[in-house]
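Hi everyone, thanks for having me. I'd like to walk you through a structure, so let's bring it up on the screen.

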Amino acid sequence: MPSNILVVDDSPSVRNMIANTLKAAGYAVDTAVDGEDALEVSRRRPVHAVITDQNMPRLDGLGFCRAFRARPENRGVPVVFLSTESEASVKEKARQAGAIGWMIKPFDQQKLLDVIGRVVRA
Amino acid sequence: MTDPDAMTMFRAEAEALVDSLQDRLLALKAAPGDRALIDSVFRDLHTLKGTGAMFGRADIAGFLHDFESAFEAVRDGSATVDTELVTISLAARDHVAALLDGADGDGQAILDRLATRLGAPATGGARTSSRRIRFFMPPDTLALGGRPDFVLDELRRLGARNIRALTGEVPPLPELDPLQLHLGWEADIDTAVTEEQIRAAFLFHEDGLRLEIGTPGSAPIAPEPAEAEPVAAAAAPPTGSSSGALMRVPAERLDDIMDRVGELVIAEARLVELAARLAEPGLIAVAEDIQRLTTAMRDTTMSIRMTPIRAITGRFRRLAHDLTEATGKPISFVAEGEETELDKTVVERLTEPLMHIIRNAADHGLEATETRRAMGKPEVGHIRLSARHAGAEVLISLSDDGRGLDRDAIRARARERGLPGTADLPDDAIPTLIFEPGFSTATEVTELSGRGVGMDVVRRTIDSLRGSIEVDSEPGHGTTVTLRLPLTLAIIDGLLIEVAGERFVIPLAAVEEIVELPAAIAECETGNAFLDIRDSLVPFLRLRHLLQSPGTPGPHQKVVVVTSSDGHVGLVVDRIIGSNQTVIKQLSPLHAALKAFSGATILGDGSVALILDVPQLVARGRADADTGQEAA
Amino acid sequence: MTRNARLDAIAGSDVVTFRLGDEVLAVPAAELREVLEPVAITRVPGADDFVSGLLNVRGAVVPLADLRVPLRMPRPAHRADPRILVLELPLAGQVAVVGIVADSVHEVTRLDRGSLQAIPPVGTRWPPRHVAAVGRWAGEFVTIPDLPAIFAEFLSGQNGRPAPAGTSGAAHPTEPEPFGCD
């Protein structure tokens, strides 16, 4: 069974692009529009990795990451943040919240696959 | 770009490398001692291994690693190249090609043959100078979902050997937290692998990482004395970091820069307009400075994107070589004007159509050797590519000296296929029909031409680049296919004109001159379709008609005389507004069917103006002029 | 996606309602990027009535679509100050930005699943394949057009047109309506 990746972003186009790229590379993909939604989605089906944006309505990436990490079944599930370069301080917070790393936006599809390939294989 | 495109690009790149590898191996057969060739074989192997690994093809990367290792004996001079080695290497190359096509198999038999021939171990036997690395990842790595095994895989792809876990920091069992990582690892890595490459393997684990990279010779397996010299590293620089003067950047970044420059040009237009309106001398001076800088910035950025045709002609040489083998017809391929530059996107997208035209020429155009001899033609068939600039366009022609196209057969075929409007086409227009969709059929796709690309795909690609195709053919003497392409897809100098209160842009490069529309002609809406400009007759088009503009023109209409490589046409407009830098924005797919416009742009006041497609209008003008003459 | 699944999806998420002529329409809020005040529209000579204009949305040239054409609504001139909904839609395999004209924009709301239904295949003036669902909102019928289907059909209609032989093709008068009756 392919690894399941949860993609969390409030921009439909970004979400779509990431999801399509991952699917084409053989991953299974769940999507969520914000942190709240992501917590809900990840309860329904186990995820093997998460890619999340930081700035989102209702619950942002950091908030999501903390809540996600608090659930025991999510131990050892890598969370990768999407961030823009200006948000350097977020990186540190993301790490503390339990993220394994971050990816600078914008990125191309190869970069995305390259990065995801470092944390989970299809 | 969608992801299947990325895979397609990987495939295309890998296939090109596999082809190049074949070329070089064959060349090596003729010149067994050529160091440069041997090095280039290594470069191909290395690049192919790298891209394979990037795209998750561990099978390809693994096999190539072993292939490369075995071949090391050739580089260090302990084995010599002969026909047998070339044959085995070609078999190995074929195995890689098969893996690319989705075949299974570890190719061990080939590696064994290679090992036997070279007297070197087929795996793990690379004998370059290496150094020891040692690392400990942060203890929370596992809790965060980090995968040390993936990191080790990355290192293996870089050629790491003798990987060994270090257990010195593992605490006594009662104190052991299984979610904390206490292990470290050490491994030997070739000196050819840079520290940067090694560090890149630790993506996401840089914080708190303890990484030691030893100096050459620190490896426990003593390298051969001769190879311990620094020469080994110098003689084989890793691919991709060869030249200090050149820099490789991802194409997307160039696209980003181009987008930004485009926006800058638009902002600059607004600034200039504002400055003119406020008439404040200080502001006008600044606006002029910015205008100058923006123009320079635009030119530099565009020049970065310009790529010579040479970038792709190598593949055509290779193709001609293959076609010689496959068809049994000796073919000579010559390229002229290879320094001609085009926007990189155009060059990339031209490769496949041009290859198809060449295949078609070899396959259907050139006669068999006996036929040529009987006709008194040289036995070697010639295919010539020539590229040159013509105004705002680039012309790329592919000529062969084959049998030419059979107009009657094409006409018959077109009728049989039910292509519309073929009955009354003039003779000149007949050859172009071979590019119509549905002209060729699957049943006659030969092994050579049949890569799933019909000539209609050539047409579609050229159309999408806003280019056009012309075919010229003389029975018994050959066929010339000419592709006309716009120089750039990004920014042009434009002439802003107005028709019925609406503004449009005409590419300035196409503008020859601007004249008044003579009152006599202006009043007579239907008559004389020609202007007399210095004793030459120039057909003209009223844009008001073409663009279905409302209202009636004022008294002082102007004629913008435009040119493309084969004619002048006057375009009648209401008013000339002036020249401006025009950032070309592609029209959305919803408007792609409209041929009259090559794109749109944003003007200084923020409104959108359409850009007229001059070659299309000239063609239209010629067609109208022809019918006008017939009617007269 | 089955009709029911699609209805569920619509019912479960926010939509933006707007008025177009005499009708109230709605599009998923997730597809809406912004609503623009009246802006300069550039006419595209020769284009289909469905997409007869272009506008500047933050430096991008965006096509403007009139849903009254595929929905076969009467097309008097718009009110003096039409609004433009800027949407992100899948178009020819890519996410594209398009504008659609509205006479006025109402609000973001959630439609009650109970009020939603697929339109009956006969007896309505909407072309059924262009409408994802109809529902009720503030006492009025609200129509949810199937935008991906509408644009996909328009595109396939364009590509399906026989290419004119030869090279002439500048500013052809509009070809037959791609949204003909079934």
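I'll talk about a chain contact, then a histidine, then some strands. Please keep in mind that this is a predicted model.

Let's start where chains A and B meet. How many residues does each chain bring to the contact? Chain B puts in 20 residues and chain A puts in 21 residues. On the side of chain B that touches chain A, helix H1 (residues 3-30) of chain B gives the most, with three residues. That side of chain B is made up of twelve nonpolar, four polar and four charged residues.

An unreviewed UniProt entry lists His46(B) for "modified residue: Phosphohistidine". You'll find His46(B) in helix H2 (residues 35-54) of chain B. Is His46(B) buried or exposed? A residue is buried if 20 or more other C-beta atoms lie within 10 Å of its own. His46(B) has 20 C-beta neighbours inside 10 Å, so it counts as buried.

Now over to chain C, and strand E6 (residues 60-65) of chain C. Five of the six residues in E6(C) are buried, so the strand is largely enclosed by the rest of the structure. Which strands does E6(C) pair with? One partner is strand E5 (residues 53-57) of chain C, running antiparallel to E6(C) and joined to it by five bridges. Here Val57(C) stands opposite Ala60(C). The two strands form a hairpin with two residues between them, and Arg58(C) in the turn has a positive phi of about 50 degrees. E6(C) also pairs with strand E8 (residues 94-102) of chain C, in the parallel sense, over two bridges. There, Leu64(C) stands opposite Gly99(C).

Definitions and conventions: Residues numbered from 1 in each chain as written. Chains lettered and ligands numbered in written order. Predicted model: local features only at pLDDT ≥ 70, side-chain atom pairs only at ≥ 80, totals over all residues. Contact = placed C-beta atoms within 7 Å. Helix = DSSP H or I, 4+ residues; strand = E, 2+ residues; numbered from the N terminus. Nonpolar A, V, L, I, M, F, W, Y, C, P; charged D, E, K, R; others polar. UniProt positions renumbered as here; feature names shortened; annotations may be inferred. Buried ≥ 20, exposed ≤ 12 C-beta atoms within 10 Å, placed from the backbone. Pairing = 2+ DSSP bridges.
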